[in-house]
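Subject: Structure for you to look at, with notes

Dear colleague,

I am passing on the structure below, and I would be grateful if you could read the notes that follow with the model open beside them.

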Amino acid sequence: MRKGAVQNENSQYKIIAVDDDPGVIDTLSVFLRRSGYNLTGLTNPVEAVERIKSEHFDLLILDFIMTPVHGDAVVEEVRKFNKDLYILLLTGHKDLAPPLETIRRLDIQGYCEKSDKQDQLLLLIESGIKSIEQMNTIKRINEELSDTYEKLEKAYMESIETLRQTVEAKDVYTRGHSDRVSAFSVLIGEKLGLSEEDLRILRIGGLFHDIGKIGVPDSILLKDSKLSDDEYSQIKNHPSIGAHILSNATIFADIIPIVKHHHEKYDGTGYPSKLKGEEIPFLARIAAVADTFDAMTSVRPYRTALPMDVVKSEFQRCAGTQFDPQIAKVFLDILENEFDKIKEIQEKYSA
Ligand SMILES: [Fe+2]
Ligand SMILES: [Fe+2]
């Protein structure tokens, strides 16, 4: 697309930036307006909260350490009346960054350190805009849903298809991954004797478990060298971003626990919420097994698939630490006795 066209598209999104240092606002204004964004810059955080109350904005960029109130307090206030706003936090020196827990609790979608180079911030804004587009699409679909069952069913299937295509377009290396995670999850669910309704949630939840990767810059997602801690923590935001994107549609409410918690570990060392044991939603524990199995057994540009005996011993070793022991046991049983079903899924949805 031509540069002018991109700028035109960017101008439909309203960004509000808040920093008590007018110099930062000036710099942001120059470079964001150059990229075509529609920016409102404010130096007073209290005034900013009032503006957000009375005016629509898509994205908020705000400084963490400010007077008279810090950025996290501003977000706390804003979240009381606005859950949709996409929020990026700017931090000064690394040590001054708020703890990750705070970032997740307040539903902040990303943060980056202030620097003279604005590239990282620009990438985060671009990813943010993509997430906002998704959120708007979902919102529109949700609003358009008529109350007749037939139309609802049709819109539901269409929205699933639209979203699926976006997820797959994002990362060619994981094409097929979502389908396989979905099918493996259903297989485990059937083995556990779950209801039709739970199987449906597992199927759709598996398809969308990684939708939040839309909000992670490609430069990080597709990097084939080692990730820095900062980059890794941005990847770790994908479950929360996914849950945020889907939170606008009531029809997706029941799959959000899977999207949000598929990287939790049974011993409480996972993310984003460090949930432990049965605190982790049951269906998310199933999806976690399916997701890890697929990650171990699919070929990526930077590594080959693990041999099946290694995979099995990993599931044995990690039952009770990474995985729910009961689910790991059922899955090992499938690997041992019904491997043809696994093979069938792998062949059907090969990348
Ligand atoms: Fe994931
Ligand atoms: Fe995944």
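Helix α3 (residues 45-54) passes helix α4 (residues 71-81) in a right-handed crossing, a crossing being right-handed if the near helix is turned clockwise from the far one by less than a right angle, and left-handed if anticlockwise. Helices here are DSSP runs of H or I with at least four residues, strands are runs of E with at least two, and both are numbered from the N terminus. This is a predicted model, in which local features need pLDDT of at least 70 and side-chain atom pairs count only at pLDDT 80 or more, while totals for chains, interfaces and linings use all residues. Residues are numbered from 1 along each chain as its sequence is written, and chains are lettered from A and ligands numbered from 1 in the order in which they are written.

The axes of α3 and α4, which are lines fitted to C-alpha atoms over the stretch in contact, with angles running from 0 to 180 degrees between N-to-C directions, come within 10 Å and cross at roughly 15 degrees. That angle makes α3 roughly parallel to α4, since angles under 35 degrees count as roughly parallel, over 145 as roughly antiparallel, 65 to 115 as roughly perpendicular and the rest as oblique. On the α3 side, Pro 45, Ala 48, Val 49, Ile 52 and Lys 53 meet Val 74, Glu 77, Val 78 and Phe 81 of α4; residues are in contact if their C-beta atoms, placed from the backbone, lie within 7 Å. By class, this contact has 7 nonpolar, no polar and 2 charged residues, where Ala, Val, Leu, Ile, Met, Phe, Trp, Tyr, Cys and Pro count as nonpolar, Asp, Glu, Lys and Arg as charged, and the others, Gly among them, as polar.

Arg 180, Ala 183, Phe 184 and Leu 187 in α8 meet Lys 341, Ile 345 and Gln 346 in α17.

Most residues other than glycine have a negative phi, and most peptide bonds are trans. The bond from Thr 67 to Pro 68 is cis, with omega near -5 degrees, and Pro 68 sits in the loop between β3 (59-63) and α4. The bond from Tyr 271 to Pro 272 is cis as well, with omega near 5 degrees, and Pro 272 lies in the loop between α13 and α14. That loop also holds Lys 274, which has a positive phi of about 50 degrees although it is not a glycine, and which counts as partly exposed with 15 C-beta neighbours inside 10 Å.

Conventions:
Two residues are in contact if their C-beta atoms, placed from the backbone, lie within 7 Å. A residue is buried if 20 or more other C-beta atoms lie within 10 Å of its own, exposed if 12 or fewer, and partly exposed in between; C-beta atoms are placed from the backbone.
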